[in-house]
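This briefing describes a structure, topic by topic. Please consult the sequence and the coordinates alongside the text.

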Amino acid sequence: MSESTSAPDPFWKKLWRSAVREPYTGDRRSRLRLVMNNLILHLHPAQVPVRTLRFTYSWGLGGLSALLVVLLAVTGAMLMFVYTPAPDQAYQSILALNTQVWYGQLVRNLHHWAGNALVVVVALHLLRVFFTGAFREPRAFNWLIGLALLLLTVVANFTGYLLPWDQLAYWGITVGAGILAYVPVVGNWLSQVLLGGPEIGPATLLNFYGLHLSVIPIAMLFLMSLHFWRVRKDGGLSVPRGVDEAPVLKDENVTTFSDLVRPEAVWATVTLTALVLWSMFVNAPLEPLANPDLSPNPAKAAWYFLGIQELLLHFHPLIGAIVIPGLALAALAALPYLSGDMDSVGVYFRSRRGRWLAAFSAAAGALLTVGYVLVDEFYLDLPALLPSLPTLLSNGVVPLAALLLGLIGYHGAMRRFFRATRCEATLSVFVLVLTGFIGLTLIGIFFRGPGMALLWPWEVAGH
Amino acid sequence: MTTQVSQPGAVSRREFLKLGWGLLAGVAALEGGLAAVQFSLPRVAAGEFGGVFTCGPVEAFPPGSVTPFNEGRFYLLRLDDGGFLALYRRCTHLGCAVPWDPTTNQFVCPCHASAFDQTGQVLNPPAPRPLDRFAVAIQDGQVRVDTSRPLEREQFDPSQLVYA
Ligand code: HEM
Ligand code: FES
């Protein structure tokens with residue numbers, strides 16, 4: 001032990017060193033050690049293959065989802081200090097927030113828009129993972145965790161939707177819980193437990209408050225940790241490559257700090273700035289106080305459910321609201337375990353033919369959806385054509401069977417007429433269904449007016 | 001001499017303990033689940049919607065009248081023949097509040113345009129079944145409606161009417 005002759009370090013220097021564990025000198029070794037020794041940074045590996053940094057591969061969408069979740073936690077915690085979860089005070093507390101609390105409206109706007117943006121960003125992240133084929137083994141289980149996160153994101157938005165206790169909240173949740181009640185056998189019970197009674201009341205608000213503020217965030221935090229951990233355990237990000245490139249076996253590594261951290265920080269700053277600017281100019285909606293005696297016309301669910309609500313106009317509720325979304329989810333979950341012949345991980349849309357077929361299927365999906373909605377609205381009346389059948393069959397099972405046969409036929413046609421491989425044909429069906437769902441959602445948002453009649457968007461906006 | 005003879009098919013001590021612990025864990029999980037469900041079951045306060053409403057004397061409701069009870073979320077109907085019927089105003093499609101339209105003598109839902117006649121039967125889908133009803137009882141000339149449980153039905157039937 002050598003006694004130093006210089007003055008002992010000042011207290012603050014000791015404190016700093018005790019916190020950072022190792023001095024940072026900026027050389028390669030120090031940069032690697034920094035990532036390993038920092039709780040937040042060590043979500044990353046210390047070095048990453050240089051190709052995975054390509055922005056137009058991941059679009060930073062997973063990281064953006066995480067950023068939005070953090071922003072939601074911070075703004076949500078601020079809202080907690082103002083909000084009271086009781087029917088006769090909830091709306092007042094939101095009004096007070098908007099008018100009397102410094103930056104109250106801005107914080108509410110940020111929370112509102114970040115929540116809505118999260119639905120979009122997580123969905124886009126799912127699409128990027130699907131289109132790059134990154135859901136295949138060894139990442140199959142992480143795809144499942146991701147699906148659970150998507151569901152939690154939707155449930156978080158759904159439960160938060162009720163809290164302002166305005167007309168929008170009250171009737172949006174009424175219609176949403178009405179959909180739940182169509183689950184066979186247990187539906188009524190489920191909706192009663194969720195609402196704490198047959199209708200929305202004080203118990204509902206307390207239930208949703210508890211779910212929204214504790215159960216869902218904790219579940220999300222847990223699953224997100226698992227998700228990030230699995231990304232690393234599964235060998236890091238899938239490695240992008242061009243359409244005609246052979247799979248990359250060995251790639252040059254660069255240090256995470258700061259070749260990955262720098263673009264992350266830039267992307268986070270850009271999107272945060274955009275979100276703050278947006279929230280400064282566009283207020284989160286707030287309608288008059290909830291009135292259980294007066295349903296608005298039209299009564300719509302939150303926008304991300306309007307695709308399903310549109311299905312409800314064409315199918316028996318059990319088929320439209322439960323069976324079709326359930327089948328779609330099951331298909332998504334089974335995807336990594338069922339899809340065959342795929343050696344195209346890292347290639348956007350699988351192959352050259354895959355790109356072409358995706359574009360074709362998108363066009364076909366859009367046309368077929370708009371066509372079907374128009375025909376069903378004005379010409380087709382299945383219950384009248386099949387009067388001897390109960391509507392569950394005539395307006396449910398029969399068109400569902402036709403739909404499924406159509407999808408199988410489409411898969412076969414891709415294989416036969418376009419010589420698609422199995423995974424290219426699956427991609428085509430996915431794109432067909434995806435554009436269908438997006439189409440239905442857009443119709444539900446922009447083209448449905450009072451009484452759910454088909455109108456032009458400017459007519460809908462006028463109501 | 002005591003030797004452990006393990007008969008074929010017999011359960012060893014290790015297996016027995018494993019089974020025991022497994023069963024205990026199962027029971028604990030079941031209890032936990034049950035407690036969670038019980039915990040979250042609907043809670044209804046007395047005197048509010050979900051309780052029994054005393055609507056008034058029989059004479060207050062002339063035949064052919066439709067009287068809304070907003071607090072109780074129902075309409076008290078007296079049909080032309082004097083029979084009483086209480087209809088839950090919650091649309092059987094997705095749950096909107098259905099207003100009574102006296103000009104057409106129909107309940108018309110503002111949300112997706114379901115229509116119901118005076119007895120609650122569906123005139124126009126998407127509603128899949130008639131409006132639910134609540135039990136009506138007439139005691140000492142007073143009409144009482146029990147809103148604790150909506151009664152579902154496939155169609156209207158005169159046995160659902162209550163006479164003074
Ligand atoms: C709150 C929701 C979510 C968060 C915060 C999140 C976060 C992330 C992050 C940070 C990554 C690293 C790479 C990247 O940014 O793309 C990632 C990768 C991944 N995510 Fe998610 N994610 C979420 C939802 C989902 C969903 C809905 C899916 C699909 C069902 C999914 C499946 C995957 C898969 C398979 C990978 C590995 C991709 C590859 O190796 O190329 N995640 N996620
Ligand atoms: S809720 Fe009444 S028609 Fe849909």
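A residue is taken to be near a molecule or strand if its C-beta atom, placed from the backbone, lies within 6 Å of it. By that criterion, 27 residues surround ligand 1, and the closest are A:Gly62, A:Ser65, A:Ala134, A:Gly146 and A:Ser238. The model is predicted: local features require pLDDT of at least 70 and side-chain atom pairs count only at pLDDT 80 or more, whereas totals for chains, interfaces and linings use all residues. Residues are numbered from 1 along each chain as its sequence is written, while chains are lettered from A and ligands numbered from 1 in the order in which they are written.

**Shell around ligand 1**
- Helix 4 (61–80), helix 6 (104–131), helix 7 (140–162) and helix 10 (202–233) of chain A are the elements that give two or more residues to the shell around ligand 1; helices (H or I, at least four residues) and strands (E, at least two) are DSSP runs, numbered from the N terminus.
- Helix 7 of chain A gives the most to this shell, with seven residues.
- The shell around ligand 1 comprises 15 nonpolar, eleven polar and one charged residues, where Ala, Val, Leu, Ile, Met, Phe, Trp, Tyr, Cys and Pro count as nonpolar, Asp, Glu, Lys and Arg as charged, and the others, Gly among them, as polar.

**Chain A and its domains**
- Chain A has 19 helices and two strands, and its C-alpha trace spans about 100 × 65 × 40 Å along the principal axes.
- Of the 463 residues of chain A, 33% count as buried; a residue is buried if 20 or more other C-beta atoms lie within 10 Å of its own, exposed if 12 or fewer, and partly exposed in between, with C-beta atoms placed from the backbone.
- The domain assignment of chain A gives domain 1 (48–284) and domain 2 (307–463); such bounds come from an automatic or database domain assignment.
- The C-alpha centres of domain 1 and domain 2 of chain A lie 25 Å apart.
- The contact between them takes 21 residues from domain 1 of chain A and 21 residues from domain 2 of chain A, two residues being in contact if their C-beta atoms, placed from the backbone, lie within 7 Å.
- On the side of domain 1 of chain A that touches domain 2 of chain A, the largest share, four residues, comes from helix 7 of chain A.
- By class, that side of domain 1 of chain A has 15 nonpolar, three polar and three charged residues.

**Nonpolar cores**
- A nonpolar core is a set of buried Ala, Val, Leu, Ile, Met, Phe, Trp, Tyr and Cys residues joined through C-beta atoms within 7 Å.
- Of the 65 residues in the largest nonpolar core, A:Ala169, B:Leu76, B:Cys96 and B:Val145 touch the most other members.
- Helix 8 (residues 167–180) of chain A gives the most to this core, with eight residues.
- Apart from this core lies another, of 16 residues, including A:Leu64, A:Leu68, A:Ala114 and A:Leu149.

**Chain B and its contact with chain A**
- In the contact between the chains, 20 residues of chain B meet 23 residues of chain A.
- The side of chain B that touches chain A has twelve nonpolar, five polar and three charged residues.
- The domain assignment of chain B gives domain 1 (12–41) and domain 2 (52–160), with C-alpha centres 46 Å apart.
- In chain B, four strands form an open sheet in the order 5-6-7-8 with antiparallel pairing; two strands pair if DSSP finds at least two bridges between them.
- Strand 5 (100–101) and strand 8 (122–124) of chain B are the edge strands, each pairing on one side only.
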